[in-house]
Amino acid sequence: MIAVIKYNAGNIRSVAFALERLGIDFTITDTHEEIQRADKVIFPGVGEASSTMAYLRDRKLDKVIKELKQPVLGICLGMQLMCAYSEENNTACLGIFEESVKLFKPEHKEKVPHMGWNSLALTKNWLDPGVDDGYVYFVHSYYVPVNPYTAAITEYVLPFSSALKKDNFYAVQFHPEKSATIGEKVLLSFLNKS
Amino acid sequence: MLTKRIIPCLDIKDGRTVKGINFVNIRDAGDPVELGASYALQGADELVFLDIAATNENRKTFVNLVKKIAARINIPFTVGGGISSIEDVAPLLEAGADKVSINSAAVKSPTLIDQLAKAFGSQFVVLAIDARKIHNQWTVHTHGGSKPSDKKLFSWAREGAERGAGEILFTSMDHDGTKQGFAIDPLGKLNELLQIPVIASGGAGNRQHFLEAFLLGKADAALAASLFHFGELPIPELKLYLKNSGVPIRI
């Protein structure tokens with residue numbers, strides 16, 4: 001069973017619909033035991049870093065997520081919260097990845113948030129090679145710099161991490177649940193992990 | 001590279017798409033879910049669904065429709081029409097809408113923008129502005145363009161952005177329906193003025209018009225309705241043309 005972590009994230013319903021379209025069984029839950037028992041865990045996210053971390057800490061979900069051993073996929077804010085720290089309201093995050101999350105500082109009048117379809121350049125092989133150079137949908141103002149765990153790079157203002165991977169932790173900055181057929185391939189890349 | 005977006009707009013009345021729609025390969029072109037899914041397959045980057053006869057009575061029908069759209073469609077979509085309060089928005093977002101567009105209600109009480117941005121995040125809030133040039137001033141109109149307001153396009157767009165709107169959807173009423181091209185000058189000025197994306201609307205008649213909106217008007221996205229609905233300009237053809245003309249486009 002796939003567990004989608006239930007918390008105050010804005011895109012849980014969209015993620016649920018995307019899984020339904022793929023014919024995947026899942027449960028949306030904030031029960032520690034159900035999350036720990038799941039075959040795979042999806043950690044969605046749309047919102048603000050500090051209030052979301054406070055919410056997770058309040059329910060002790062921070063510790064649960066960090067210690068999961070099965071494949072875990074962080075999406076958007078979920079990916080940012082997997083890092084050590086976010087500049088968004090100076091928030092200490094989960095620390096699964098050692099990176100700090102930074103605010104885009106436009107150099108040539110680029111607009112922030114980075115909103116719309118942008119392309120992926122894969123650097124590690126956890127994602128289906130079929131998505132290399134494909135377009136996916138982004139909405140975010142903060143980014144994870146390129147680092148040793150970067151699995152895909154996208155360029156906006158500067159090259160940043162559009163996907164990460166470390167051990168059993170996978171993460172994407174974009175919204176696979178809103179990224180047409182390429183997004184479906186990304187979700188399946190994760191769902192096919194053992 | 002971040003690409004320019006092509007956005008078909010569907011007008012909805014009582015849960016059905018209005019305007020004559022002339023598509024092959026669709027079982028029911030009056031069904032917004034079918035039509036939206038077809039656009040997504042053809043390469044639309046986003047969709048807008050406008051409840052043009054929004055009343056309290058049919059609000060539920062629209063929310064149910066939004067649920068069906070969200071279940072079926074795998075690209076982002078905006079819903080709008082008759083939204084006047086946070087209470088109107090919450091069920092739409094819960095139903096799975098990615099963004100909501102607000103128009104007349106924001107002109108009447110601008111703090112609605114602040115409230116929505118604070119409650120749901122700026123990325124959920126599209127400020128739609130209908131404007132027409134009167135005595136050389138771009139004057140904002142409300143109620144489907146029927147009522148002039150005291151607001152002017154550029155100052156209102158800037159105020160909307162400062163209050164937390166995530167995008168501006170600018171429709172030139174002078175160009176809407178003419179098929180003579182988008183309002184390039186005000187688009188360029190909005191782009192200069194704002195740090196948030198601008199969606200061009202009104203006047204699309206052929207593929208060159210989109211090219212002008214992106215290259216000269218510096219729009220981040222362009223929206224059209226009948227041009228797509230009547231099959232006059234297929235989206236794949238438009239996108240290929242733009243790409244070959246050097247515009248960053250998702251194919």
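What follows is a short chat about this predicted model.

Visitor: How many residues of chain B are in contact with chain A?
Guide: Let's take both sides of the contact. Chain A brings 26 residues to it, and on the chain B side the count is 34.

Visitor: And how much area do chain B and chain A bury between them?
Guide: Carbon and sulfur atoms take 53% of that buried area. The whole of it comes to about 2400 Å².

Visitor: Which residue of chain A forms a salt bridge with B:Asp98?
Guide: Between chain B and chain A there are 3 salt bridges. In the one with B:Asp98, the closest N and O atoms are 2.9 Å apart, inside the 4 Å cut-off. The partner is A:Lys178.

Visitor: Which helix gives the largest share of the side of chain B that touches chain A?
Guide: Two helices of chain B, α2 (59-72) and α7 (184-193), each supply at least two residues of that side. The largest share is 4 residues, and the helix behind it is α2(B).

Visitor: Over to a sheet in chain A: why is one side of β6 and of β11 left without a neighbour?
Guide: The sheet is open, with 4 strands in the order β6-β5-β7-β11 and mixed pairing. β6 (91-92) and β11 (142-143) of chain A stand at its edges, so each has a single partner strand.

Visitor: What is the bridge partner of A:Ser86 in β6(A)?
Guide: Strand β5 (residues 85-86) of chain A runs antiparallel to β6(A), and 2 bridges join them. For A:Ser86, the partner in β6(A) is A:Thr91.

Notes:
Residues are numbered from 1 along each chain as its sequence is written. Chains are lettered from A and ligands numbered from 1 in the order in which they are written. This is a predicted model: local features need pLDDT of at least 70, side-chain atom pairs count only at pLDDT 80 or more; totals for chains, interfaces and linings use all residues. Side-chain values use heavy atoms; hydrogens and water are left out. Contact means heavy atoms within 4.5 Å. Buried area is the accessible area (1.4 Å probe) that two parts lose on being put together, summed over both. A salt bridge is a side-chain nitrogen of Lys or Arg within 4 Å of a carboxyl oxygen of Asp or Glu. Two strands pair if DSSP finds at least two bridges between them.
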